[in-house]
Amino acid sequence: MLAIPILAGSAAYALAEALNWPTGLERKLHRAKGFYGILCGATLLGVAMNFGSVNPIKALFWSAVLNGIAAVRSRLP
């Protein structure tokens with residue numbers, strides 16, 4: 001449960017930045033709808049995975065791999 005907000009936030013930042021959407025928790029909801037949508041969706045997915053039969057260590061590993069791919073991709077011209 002402790003990793004859910006961190007993973008949801010990093011997923012929201014990575015995906016929104018890769019798609020060139022406005023990002024940041026300092027923005028109001030109506031100014032960054034995509035970012036907050038990803039944040040809410042990732043949080044709900046994390047809570048659902050917590051109550052499911054998903055191995056949390058494998059989930060953390062694969063989320064780090066996907067975050068690394070998204071970070072490299074967002075830096076490409």
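**View 1. The largest pocket of this predicted model holds about 720 Å³ of space.** Its lining runs to 25 residues. If you want to find the middle, look for Leu7, Ala8, Met49, Ala59 and Ser63, which lie nearest the centre of the pocket. In terms of class, the lining splits into 20 nonpolar and five polar residues, with no charged ones.

**View 2. Helices around the largest pocket: α1, α2 and α3 (56-75) each put at least two residues into the lining.** Helix α1 gives the most, with nine residues.

**View 3. Met49, one of the residues nearest the pocket centre, sits in helix α2.** Its relative accessible area comes out at 29%, so Met49 counts as partly exposed. Leaving aside residues up to four places away in sequence, Met49 touches Val54 and Ala59. Met49 and Ala59 are ten residues apart along the chain, and their C-alpha atoms are separated by 9.0 Å.

**View 4. Helix α1 (residues 3-18) meets helix α2 (residues 33-51), with axes that come within 8 Å.** The two axes cross at roughly 145°, and the crossing is right-handed. On the α1 side, the residues in contact are Ile4, Ala8, Gly9, Ala11, Ala12, Tyr13, Leu15 and Ala16. Facing them from α2 are Phe35, Ile38, Leu39, Ala42, Thr43, Gly46, Val47 and Asn50. Sorted by class, this contact has twelve nonpolar residues, four polar ones and no charged ones. Ala8 turns up here as well as in View 1: it is part of the α1 contact with α2 and is among the residues nearest the centre of the largest pocket.

Conventions: Residues are numbered from 1 along each chain as its sequence is written. This is a predicted model: local features need pLDDT of at least 70, side-chain atom pairs count only at pLDDT 80 or more; totals for chains, interfaces and linings use all residues. Side-chain values use heavy atoms; hydrogens and water are left out. Axes are lines fitted to C-alpha atoms, for helices over the stretch in contact, and angles run from 0 to 180 degrees between N-to-C directions. Helices (H or I, at least four residues) and strands (E, at least two) are DSSP runs, numbered from the N terminus. A crossing is left-handed if the near helix is turned anticlockwise from the far one by less than a right angle, and right-handed if clockwise. Contact means heavy atoms within 4.5 Å. Ala, Val, Leu, Ile, Met, Phe, Trp, Tyr, Cys and Pro count as nonpolar, Asp, Glu, Lys and Arg as charged, and the others, Gly among them, as polar. On a 1 Å grid over the protein atoms alone, a cavity is a set of points where a 1.4 Å probe fits but cannot get out, and a pocket is an open set with protein on both sides within 12 Å along at least five of seven lines; lining residues have an atom within 4 Å of a point. Grid points are joined across faces, edges and corners, and a volume is the space filled by probe spheres set on the points. Buried means under 20% relative accessible area, exposed over 50%, partly exposed in between (1.4 Å probe, protein chains only).
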